Amino acid sequence: MFDIGFSELLVIAVVALVVLGPERLPKAARFAGLWVRRARNQWDSVKQELERELHADEIKRQFRDAQESVRDTEAQLRASGEAVRREAEQMRNQVQRDGDASASTEEPVMTGPAPGSPASVAQHVVAPESDALPEEPRDAMAPPGIDGQAPRDMPPSTTEAPR
């Protein structure tokens, strides 16, 4: 703090001894020590108060920054939500126009399963007509094929000779 060396303190002590005398010097030293201690404590309290205020200001600044960030994010979310709403409204209007146009042209509207889907195929399976081909009599002991009928082609016999 102050640039006071040992030699300067020694000069001050000798002058104080000469001026005050040996009886009043200890009392004066205690008094000076008390004032130095009070000055140091006062300086430390001012320094701590200043640090607390700076820390509080820093926290307040960070809080304001966080609030601004939240406000910006909220504005962005509102804007994107509004854009999605507008797009959905445009799509709804487009579907209504397309629906009105298809109703005015009187084209049949397809309902039911999509063509080629398993549900569509299952709906359109037609039983074979009975007058198509006469069935061959089948062996009751032969295992059925995939469709529950007798196997269509009989496996070739193994009686042929190898060539």
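Modeller: Arg61 has a relative accessibility of 37%, so it counts as partly exposed; buried means under 20% relative accessible area, exposed means over 50%, and partly exposed is what lies in between, with a 1.4 Å probe and protein chains only. The model is a predicted one, in which local features need pLDDT of at least 70 and side-chain atom pairs count only at pLDDT 80 or more, while totals for chains, interfaces and linings use all residues. Residues are numbered from 1 along each chain as its sequence is written, and side-chain values use heavy atoms, with hydrogens and water left out.

Arg61 makes a salt bridge with Glu58, where the closest N and O atoms are 2.5 Å apart. The term covers a side-chain nitrogen of Lys or Arg within 4 Å of a carboxyl oxygen of Asp or Glu. Side chains of opposite charge can pair when their charged atoms come close. Arg61 and Glu58 are three residues apart in helix α1, so about one helical turn separates them; helices are DSSP runs of H or I with at least four residues, strands are runs of E with at least two, and both are numbered from the N terminus. Glu58 is partly exposed, at a relative accessible area of 31%.

Arg61 also forms a salt bridge with Asp65, with 3.1 Å between the closest N and O atoms. These two residues of helix α1 are four apart, again about one turn. Asp65 has a relative accessible area of 36% and is therefore partly exposed.

Further along, Glu82 and Arg85 form a salt bridge whose closest N and O atoms are 2.8 Å apart. Both lie in helix α1, three residues apart, or about one turn of the helix. Arg85 counts as exposed because its relative accessibility is 55%, whereas Glu82, at 35%, counts as partly exposed. Salt bridges with shared partners join Glu58, Arg61 and Asp65 into one network. The count of salt bridges comes to six.

The structure holds one aromatic pair. Phe31 and Trp35 make up this pair, which is edge-to-face, with 6.1 Å from centre to centre and 70 degrees between the planes. Rings of Phe, Tyr and Trp (its six-membered ring) pair if their centres lie within 6.5 Å; planes under 30 degrees apart are stacked, over 60 edge-to-face, and the rest tilted. Phe31 and Trp35 are four residues apart in helix α1, about one turn. Phe31 is exposed, with a relative accessible area of 51%, while Trp35 is partly exposed at 47%. The ring of Trp35 also has the charged end of Arg38 sitting over it, 5.4 Å from the ring centre. A charge sits over a ring if NZ of Lys or CZ of Arg is within 6 Å of the ring centre and within 35 degrees of the ring normal.

As for the whole chain, its secondary structure comes to two helices and zero strands. Of its 163 residues, 2% count as buried.
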